[in-house]
Amino acid sequence: MAEEEDKKMIEIYVMGRRYKVPEGLTIMTALEYAGYKYVRSCGCRGGFCGACSTVFRKEGDYKLMMDLACQTAAEDGMFLVQLPFVPAVRAEFEIDELNIEENDNVMLEHYPEIARCVSCNTCTKSCPQDIKVMDYVQASLRGDIDRAAKLSFDCIQCGLCSIRCPADIKHYHLAQLARRIKGRYIDPKSSELEKMVQELKEGKYDEELEKLCDMSEEELKKVYDERKFQKEG
Amino acid sequence: MSDGYPEYMRKSIEKVEATREKRASIDFERMKPEESQETLDNFHPDYRKEGKHELKVGPSKGELAPIELAELLESPSIIDPSEIDLSQVDYDVEILIVGGGGAGTVAALWAIKEGIDPKDILIATKLRHGDSNSMMAQGGIQAADKEVDSPVTHYLDAIGGGHYTNQPDLLKALTRDAPEIIKWHEKLGIMYDRDENGEFVELPGGGTSRYRLHSAGDYTGMELMRVLMDESRNKGVPVLEFAPAVELLTDEKGNVGGALLMNLETNEYYVVRAKSTIMATGGFGRLHVQSYPTSNHYGATADGLIMGYRVGIPLRDMDSVQYHPTGAAFPDQVIGLLVTEKVRSLGGQPVNADGELFVNPLEPRDVEAAAIIRECYGKEKGITTPTGMRGVWLDSPLIDFKEGEGTVAKRLPAMVRQYERFNIDMTKDPILVFPTLHYQNGGLVINADSSTPVDGLFAAGEVSGGVHGKNRLMGNSLLDFNVFGRRAGITAAKHARRSQKPTKLTLDHLSKYNKELKDAGIERKNPSPMLLPEYRGKRVLERHLDVQVTL
């Protein structure tokens, strides 16, 4: 079923050069059909890694659009170029030493350029994940780290926001800082985990684990088949 | 209602809708051991002898491996040893880490904790730092930390799921280290899903007898990977991107002393000398074993298996390949992409063309996959797409039906987004699925401290074998790369501290391996490692599926 002769063909323009490719491909597979072998600009091929940021325009339209090559259908008359790398600076920090109790704006301290945000919302419009990017920049400005972390959670760090920003904000690095602060300092911690880690330190399960390690397949099968399943979490 | 489905598929969806309420309360009986064995024998691609090849050379001579892998193992190297100048060392480091995914990055962080200066480490990776299957893992990470659970139960679930073939000391390490790993993640600031008291929201996975999966929405792997990378950057670990290792380097005694890298953009070689080398290159999904589509990353081409095998590391459990029960089967653009097991953890059911539930949604992965193939090719109750791909429905709207509207959108944002891009609303309509090549169960033989049988070489993550035996359970691979990445980093650091720099670097093992190939009369034409898969031209149209069932 690999090939259908009667498949409808469309025309795409890769960095200005025209190619005919079958309909029904993603931008990524359309480029491969056209003969390109990826080294850069191709990663997980499943929408999780942000490697395949693509800038495009459709024939007859003046607008530049942005999306992921692996998650977007190739359309007739697309002019395409991919972004192999984003040269964005990132603030270094020591996660153990961020004192958010005594410092009311860690975010501004690490990324002072967020104060230059002109609320143009270009970052939000550029985001292939439909994240409210400008909103999390504004939340960071107000010191609302929890909100910035939540709003940015689906970020795949493709960098399209930062490439388009007139204020040169590095949104995705800023968001990473917010999420790490939330995970480390804002979210309450698990007491169940603490208890288990303590029990393990005391060697509570060592003997039983050792016993399992020494069991024959026959013995293991018996215990395994008699397992009781937890009904609800 | 979404408009992404053609009319005839919508007719079948109506049948799924008609049975939904009734199915919601069915607790489908799990297969008895005999039935699951029979289903595997007849329908699981791994149980087809024709797909396997007996290795003719190397440390695992006589053992079976998928043909696609065997062809690469039994091929000459992409480099000619006589043309490589090893006298000039470009990078002289304590620890070389080959692969910048989960295992490699974790190893770097723990080597630093063990006292190695970050600048004496080098991560060399084929694509970008973080480009890996680790990044794509959606469902979660297992760790027994609840009152009703323990590492003992976790061990039992995993060894049964693995058909009692797991290496016991590795599995003990995996389950016992798990809670400490989550504790470490808390300190790094990983945002796990928690309740208002800070306790983790945990789910069951296929074959787990407890609610044990920790997750971060359905972006669990991405959340882990981006934090690990961020921390690695804070520590200043040098990373060489687009510079894969193409072969390991050995000293006069045959011990590993670094690797030869290739700059993918300039085609230059770089010689790296290292006291300890950690192999963390991941798996082999992009070999499309048995012509299956894959959920794997672009770079998953078995490079580490090839390089490790050539220096003398045996492989184990290579005869078993994990097909994830639910890869996307429609629309064409997403064929093979992962539909996380979490859809079933949350209550979604696999349903046939007539709207019937035909298997317990949470059997171990190999059994679940075999049952779906049986439904499509044995019982002819699948749905065929306009381009000929068969699949069954995964009733995702059932989750909202059971757990309340908005649950799917809240708990599975990545999945919802993926389908939305192609005009399918999985909160309202079911999605079509078929097994996809997902994980390399076996790999390079390692010890519990991540050392290998060859001095100077360590291995962690998907490239290594033994942890999962012949079938991995959901949530144990994110755990694997953390547990064994950590152990590899620590062991490699200790090894580096007590070792001298190798005095002479050679490719003697390659010449030896080439001679073995010649003596065995093998002349293959697929030089390896492969580095990148070939999809140019019409190959990209191949849906890579020609299911053979033994009835």
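With 551 residues, chain B would have a radius of gyration near 24 Å as a compact globule, and its value of 23 Å agrees; the radius is taken over C-alpha atoms, and the rule is 2.2 Å times the number of residues to the power 0.38. This is a predicted model, in which local features need pLDDT of at least 70 and side-chain atom pairs count only at pLDDT 80 or more, while totals for chains, interfaces and linings use all residues. Residues are numbered from 1 along each chain as its sequence is written, and chains are lettered from A and ligands numbered from 1 in the order in which they are written.

Of the residues of chain B, 63% count as buried, that is, with 20 or more other C-beta atoms, placed from the backbone, within 10 Å of their own. The helices (H or I, at least four residues) and strands (E, at least two) are DSSP runs, numbered from the N terminus.

| Property of chain B | Value |
|---|---|
| Secondary structure | 16 helices and 20 strands |
| C-alpha trace along principal axes | about 75 × 55 × 45 Å |

Helix α4(B) is mostly covered, with 11 of its 12 residues buried, among them B:W110 and B:I112. These buried residues pack against several elements of chain B, including β3 (91–98) and α15 (476–497). Just after α4(B), B:G115 takes a positive phi of about 110°.

Between the chains, 67 residues of chain A are in contact with 74 residues of chain B, a contact being two C-beta atoms, placed from the backbone, within 7 Å. The largest share of the chain A side, 7 residues, comes from α7(A).
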